[in-house]
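This report describes the geometry, surface and side-chain pairing of a single protein chain. The sequence and the model are shown below.

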Amino acid sequence: MTTIEILFAMAMIVIWGCFGITMVISSVQSFIYDRRREKRELERDARDREYHEERMKNLK
């Protein structure tokens, strides 16, 4: 192989590695964000349910 082919192959490997690392980081961040969002939604639903029950008691 010539020097240019070796450089091109190395550049492609580096680009592929960077792309792969970026995809892994993105997936981990999305997973963490989804877990936090689910937790916030559950807490919000619990607060809404509590607020609703309190209002129904006050209306009686």
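Arg37 and Asp34 both lie in helix H1, 3 residues apart, or about one turn of the helix. Helices are DSSP runs of H or I with at least four residues, strands are runs of E with at least two, and numbering starts from the N terminus. The side chains of Arg37 and Asp34 meet in a salt bridge, at 3.4 Å from N to O. A salt bridge is defined here as a side-chain nitrogen of Lys or Arg within 4 Å of a carboxyl oxygen of Asp or Glu. Side chains of opposite charge can pair when their charged atoms come close.

The model is predicted: local features need pLDDT of at least 70, side-chain atom pairs count only at pLDDT 80 or more, and totals for chains, interfaces and linings use all residues. Residues are numbered from 1 along each chain as its sequence is written, and side-chain values use heavy atoms, with hydrogens and water left out.

Arg37 also takes part in a salt bridge with Glu41, whose closest N and O atoms are 3.4 Å apart. Glu41 and Arg37 both belong to helix H1 and are separated by 4 residues, about one turn of the helix. By the rule given above, the count comes to 3 salt bridges. The remaining pair is Asp45 with Arg44, where the closest N and O atoms are 3.9 Å apart. Salt bridges that share partners join Asp34, Arg37 and Glu41 into one network.

Buried means under 20% relative accessible area, exposed means over 50%, and partly exposed lies in between (1.4 Å probe, protein chains only).

| Residue | Relative accessible area | Class |
|---|---|---|
| Asp34 | 31% | partly exposed |
| Arg37 | 30% | partly exposed |
| Glu41 | 31% | partly exposed |
| Arg44 | 39% | partly exposed |
| Asp45 | 33% | partly exposed |

Along the principal axes, the C-alpha atoms fill a box of roughly 85 × 10 × 5 Å. The C-alpha atoms of His52 and Ile4, 48 residues apart along the chain, are separated by 70 Å. His52 is found in helix H1 and is partly exposed, with a relative accessible area of 46%.

Of the 60 residues of the protein chain, 0% count as buried. The accessible surface comes to about 6,100 Å², of which 64% belongs to carbon and sulfur atoms. Accessible areas come from the Shrake-Rupley method with a 1.4 Å probe; for residues, only the protein chains shown count as cover.

Met1, Ile6, Met10 and Ile13 make a nonpolar surface patch of about 460 Å². Patches are made of residues with over 30% relative accessible area and no salt bridge, with like charges joined within 9 Å and nonpolar side chains (Val, Leu, Ile, Met, Phe, Trp, Tyr) within 5 Å. Ile6 is found in helix H1, which spans residues 3-59, and is partly exposed at 41% relative accessible area.
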